Amino acid sequence: MTRVWAAIVVFLFGAVFAGLAVGYSERTAPSELAMRYLEQVPADLGAANVVTGILITYRGFDTLGEVAVLFMVAASVGMLLSGGRGGSTSPAAVTARPARPPSELVVNGAQVVLPIAFLFGAYVIVNGHLSAGGGFQGGAVVASGVVLLVLGRPSVVLDHGFLSVTESLAGVLYVTLGILGLFFAGGFLDSHILPRGTFGAFVSAGAIPLISALLGIKVAAELSVIIDRFRN
Amino acid sequence: MVEGLLQPLNIFLLGLGGGFLIPLLYRLSKRLPAVAFWAALAGIAVISGACLWRLLGGADAFEIQTAGTAPPLAISLRLGLAEGFFAFCVNLAALLGALHLWRRLRDSYTFLLLYLILVMGINGMIMTRDLFNLFVFLEIVSIATYGLFGLGQTRASLAGAFKYIMATVLASSFFLLGTVLLYHVTGTLSIDEMLARRDLIAGPVGTTALVLVLACLVIELKPFPANGWGLDVYETAPAGVAALVSVGVSAGVFFALFKLMPLFAPHLTLVAVSAAVTFLFSNLIGLRQTNVQRMLGCSSIAQMALLVLALALLLRHGEDEALPLIVGGLFFNHLFAKAGLFWLAGAVQRQRIRDWNVLSAGAPFILVFCSLLVAIAGLPPFPGFWAKWELVLRLAEHGGYAWIAVVLFGSLLEAAYLFQWFGRAAKAGRRETGGRVPPWDLFPAAACVALLTIGGVVASWVAGAASAWLHAPLFAGAALLMAEGLPGRAKCLSMLLVVFAAGAWMVQGIGGINGLFAVLLLSGGLVIAAAGLYRSDARLGYYPLMAVLLLSNVALLRASTSLEFFFAWEIITLASTFMLALSTAARGVMLQFLLFSLASAFLLLTGLAIARAVIGTTDLSAFLAAGPVAAPAFVLIALGCMVKIGVIGVHVWLPAAYAKADDDFSAMLSAVVGKVAVFGLFMAAYQAARSDAGLELARAVGWIGMLTTVVAAFLALQQADMKRMLAYSSLSQTGYIITAVALMSHLGWVTALYLVANHLLVKGILFLAAAAVIERTGLKRLEACGGLARRMPLTFAVAIVALVSMSGLPPLAGFGGKWLLLSAMVDRGWYGPLALGVLATLVGLLYMVRFGHAVFLGPLKPEHAELREAPAALLVPQFVLVAGILLLSFFPKLLMDPVSAAIDPQFASTLVWQGMSLELIYAYWNPARAMAGAVGLALLGAVLLWIFYRISRRPSRSGSPTGFFSYYRPLLAPVLASHAERFWGAVSVAVGGAAGTARRVYTGNGQTYALQVLAYVLVLYFFVVAVPMLGGG
Amino acid sequence: MERAMGLPISHLLLVTGLVLVLIGMWGVLVHRNILRIIIGFSLFGTGTHIVLVATGYVTGGTAPIIDRALPVGEAGARAVDPVPSALVVTAIVIGFSVTAIMLSYAIRLYEARKTLSIDAFTESKW
């Protein structure tokens, strides 16, 4: 019976979506707002990657919120998985289950890929204002490296205390940078607190690379914590 | 500097910065997170409060730009008056909620940071002016909530949390999809720009996008039937978390809806219908809940739906300027009352309603509990009352009668289950609570009561009814409450003094009929209340409530606007309800009493609202010139008063309440409180006559009055319980008054007032006499007593005077009253009611003889040989009342002249009876002829009864009074079967059955809930897209 | 690359996203196992993200990164809309967060009942 209802509902949503797909027409030119972004991000913020410029500066308030979400999830997952208590306790003693040892492929692969993965992650993070990438993306790459690490070496113990301090510190610094914007630039989260620099240079685009780096560190630490919580 | 710190942006810095800092601080010291938490939370509350203060002082709305760039490029926020009000309320509630939850929260710093960021997120939802940012804040709030659900340790709470996550994730996914599609069609994410480009939102993409965003917000507010996931969480989450979801998260979502409402302008009716369905069904389902938190959940959902309903309807009618009082008032009311109740539930820690025997939790607890219930039920003096009044008024103005019916019926259901809960809680049971609720646990809820009281005063001021005399009854009650530690008699004395002083002050300046009524009710009330001195026990709460009751009578008569009138009316209802609840015996009937009273009040409210709509003012004096258009209003007002009087058919609550109440309070109910509704009916009739409205209906009312008289007389005759007999007798006598009022003539009205005075005196005496008998013998059954005249001669004497006066025998006042009534009926040619009246008088004679005979005559029971006369505290008031009867009987002009004069001067010439002097009235009618007729009829009846008695007499029984009256039982058989009681019983069963059926949609399965949510979205889509297409052809 | 199977590229992407949403929805509604339900939600979310990206596509557009391939002057004419791309980053992170929370609850539910069937968790109803 449930399946029938489910089928009906999914079918009807299909009909709604079909209407949407039929009525949809591809943009032939960016919206007026997009045009302004495409002009102003390079000119005003000095960032080559328009998406990063939007994310870090113009919609920095969103990004801050999103960081808060991730921060809360890292804390909640730890709390939930330790039976609703966690948070105040030090990282749960890792009792690496004597499960099947990881395959040789994973172990060796990890050895080869890990340094590259971390390096690449770092590259993506710090070059976010210049090319495709940014704090989130790079942080995710680093965290994937961590996944590989714990897969390849199940005995490894991540220091949750360190990670937690790192993510908190990065968060506090992020907010502090935002507040600096209030005093030294146009407003909260304004990236003009640092000089714009030469367009396309590594050190340029105001505080964007700095915030990007903080984001990357924070995201990497949080994702690692979350992943590690599930391991236990 | 200070100004810089108190910027709204700092709310976010405190929330986020504090949240991020907490783990760091924890590394430094285990105590620091708590310090940071409280500092940040208090800071948030202070900032929002300071901003609101500045806005109230006329400052411009705070516009906050992020990234130093103006929208639409960057995200902007706004804190205007509405935002400030919502944010401040939520932050205040969050602060109190953290106090309540503190013992759980401090377990782990994770909870602290989740709580802090949650509060910040709600502020964000309120302030942001960017649609996608709204999504981000919605997610922040959701995820913080998911995390806080981790405070619940039971399996059920985990399962509830998961179901909640499933439903809300679906909703927020739709919001995301809708937001991006809206960006696609409008090219902006700034809400202000989007509102300006409303026209671009069309076509399949735009419409679908709009539906998706609307659907998310509606679903987040838990619409029936797609809200099982919400109820499950309300039931299973820790009370503090449930409170936060109920008032905090819902507030954020509601404000988001409010902000985006202009986008949904074409769909306001759809939103209103959805909210109306939710409001009705949630309250219906609440009736059948056995779990306290789940029931509060039903009420929460209903209250949010009422908010949405009010918002949608007011916007549809362009009544934006009414939003602050109505939506603001309802929101404030729901926020603090519901949070307070959840916190109380958390403090008591009893899940099942039937385990809630919390009398031992202490008087402060009960006071807080009652106040919160009253607030939720939308009763005065709390903000919900003023908001609901204004809402109904505005709806009536736009002819929204169906909406009014929904709002009031739903409110009635809500009051039913809330006060059912109260009834359970007040019932002393075997399993009392272990002890008192410590003050610390009570504090957050008590703070809510304080805030609600302040809110009520502010709302009354906004509604234009903030006069000192109107609130004087409550002040007096509060003052007496402070002295509750005194001995019982001292409290009674101080109450009498306070009522006398305040009453004398309030009565000044009341003129005309109102003045007469006021003096009558106040003095009668004081005399009867003085009988309370016969009891020496503490009677906690009784005397403050008595003061409120007596002074509210005066306030009602002093009312110059319909709002003041209604306010006093509701206070009288509440005071009597709680006074009933104070007595152990009457607790069972309290709910019935309240529900009929509320039904009556709602009829009255609708009538007053319609009157306001057609007359254009709430000024009562303007009612006189209303004209025939106001007829429906007068009909509703009269109906309301008749329900409150308890005319036959809706009388079921009355005998039970009068019989079960404290003995001296029964006297007050019958003699004084019952007259309030009579006054209402009188005024309605008077004004209807003056404005030529509804005269045709008067004849029906006359019939109803006489039917009530006859049926109640028969019912009185068959009662075994003396107070129950007196209760029916009271109803029967009131029937005469109704008919007198319905005569719509000068003579009729003079008669009505004369009868009112007579009945007040008579019933005061009789109920007090019954109180004396019960006090001395402990017996309530008429036939169990006997021969008491020898032991209690004074009580016997006053009772006889009262009985004679009530029966209408010459020479006492009752004779004059009935004479006048019969003459007026003859004059109008109402021969049918006249015949009924004669019959009722005969039957009345029988039951009165029975009362006197059974209690005072016949053989004295051996165990009563040592009885003493009634205490002086009971006798003195009775003698005063007897003096009143004698005065009224032998100097009728003392009352009649002022009455006649009060009615005269404004009298229109359209009426049958011009103002005449009393001599003329007595002379107009040929007494001889009618007297002969009446006597003839009476003789005939007596002969018939005697024949019946002879035929069915059985020798063995002839001695005792029981035997004497048992012969008439077969005669009474037709009325024995109480059709009315069976009917109302069936109604209650049917409503309960409907509730049982409706709640079957909540299967408890998360997947079913998800299906319901998705189906709800489809239904909304259908109504938005398909219906206009079909309609538009 | 402008058109595939006769449809503009973004249209195809849009349809793919919406179909993914439907598949996710089906998974949520039909599978009894909580882990599968969570996978359903993930698909639902991913589909939404694809729709997001699709709506940002501008005919013939390229990534909105100013470099040698896309000089500042041509950005307006040749870049896709950067806004949905920025939004989708946020949306993905939030989607990930929700999945993580749901999985934590799934683990707790399993510990409580030793089953992952959604039908086993109907303690509170009516």
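Where is the place of P225(B) in chain B? P225(B) sits in the loop between α9 and α10 (228–236) of chain B. Helices (H or I, at least four residues) and strands (E, at least two) are DSSP runs, numbered from the N terminus.

The model is predicted: local features need pLDDT of at least 70, side-chain atom pairs count only at pLDDT 80 or more, and totals for chains, interfaces and linings use all residues. Residues are numbered from 1 along each chain as its sequence is written, while chains are lettered from A and ligands numbered from 1 in the order in which they are written.

**Backbone features of chain B**

The peptide bond that joins F224(B) and P225(B) is cis, with omega of about 0°. Another cis peptide bond joins P380(B) and P381(B), where omega is about 5°. P381(B) belongs to the loop between α15 and α16 of chain B. A67(B) is not a glycine, yet its phi is positive, at about 60°. The loop that holds A67(B) runs between β1 (62–65) and β2 (76–79) of chain B.

**Domains of chain B**

Chain B is divided into domain 1 (2–453) and domain 2 (480–925), with bounds that come from an automatic or database domain assignment. The C-alpha centres of domain 1 and domain 2 of chain B are 45 Å apart. Their contact takes 22 residues from domain 1 of chain B and 24 residues from domain 2 of chain B; two residues are in contact if their C-beta atoms, placed from the backbone, lie within 7 Å. On the side of domain 1 of chain B that touches domain 2 of chain B, the elements giving two or more residues are α15 (363–376), α16 (383–397) and α17 (401–426) of chain B. Of these, α17(B) gives the most, with 9 residues. By class, this side of domain 1 has 18 nonpolar, 2 polar and 2 charged residues. Here Ala, Val, Leu, Ile, Met, Phe, Trp, Tyr, Cys and Pro count as nonpolar, Asp, Glu, Lys and Arg as charged, and the others, Gly among them, as polar.

UniProt, in an unreviewed entry, places the feature "domain: NADH:quinone oxidoreductase/Mrp antiporter transmembrane" at residues 129–413 and 563–842 of chain B. UniProt positions are given in the numbering used here, feature names are shortened, and annotations may be inferred rather than shown by experiment. Residues 129–413 of chain B are 76% helix and 0% strand, and the end C-alpha atoms of this span lie 38 Å apart.

**Helix pairs in chain B**

Two packed helices are described by the angle between their axes and the distance between the axes. Axes are lines fitted to C-alpha atoms, for helices over the stretch in contact, and angles run from 0 to 180 degrees between N-to-C directions.

| Helix pair | Axes come within | Crossing angle |
|---|---|---|
| α20 (488–507) and α22 (542–558) of chain B | 9 Å | roughly 15° |
| α4 (81–105) and α11 (239–260) of chain B | 9 Å | roughly 165° |

Angles under 35 degrees count as roughly parallel, over 145 as roughly antiparallel, 65 to 115 as roughly perpendicular and the rest as oblique. α20(B) and α22(B) are therefore roughly parallel to each other. Their crossing is right-handed. A crossing is left-handed if the near helix is turned anticlockwise from the far one by less than a right angle, and right-handed if clockwise.

α4(B) and α11(B) are therefore roughly antiparallel to each other. The crossing of α4(B) and α11(B) is left-handed. Residues in this contact include F86(B), G97(B) and R104(B) of α4(B), and G240(B), G248(B) and F255(B) of α11(B). The contact of α4(B) with α11(B) has 10 nonpolar, 4 polar and 1 charged residues.

**Contacts between chains**

The contact between chains B and A takes 51 residues from chain B and 57 residues from chain A. Elements that each supply at least two residues on the side of chain B include α2 (9–28) and α42 (1006–1032) of chain B. The side of chain B that touches chain A divides into 31 nonpolar, 17 polar and 3 charged residues.
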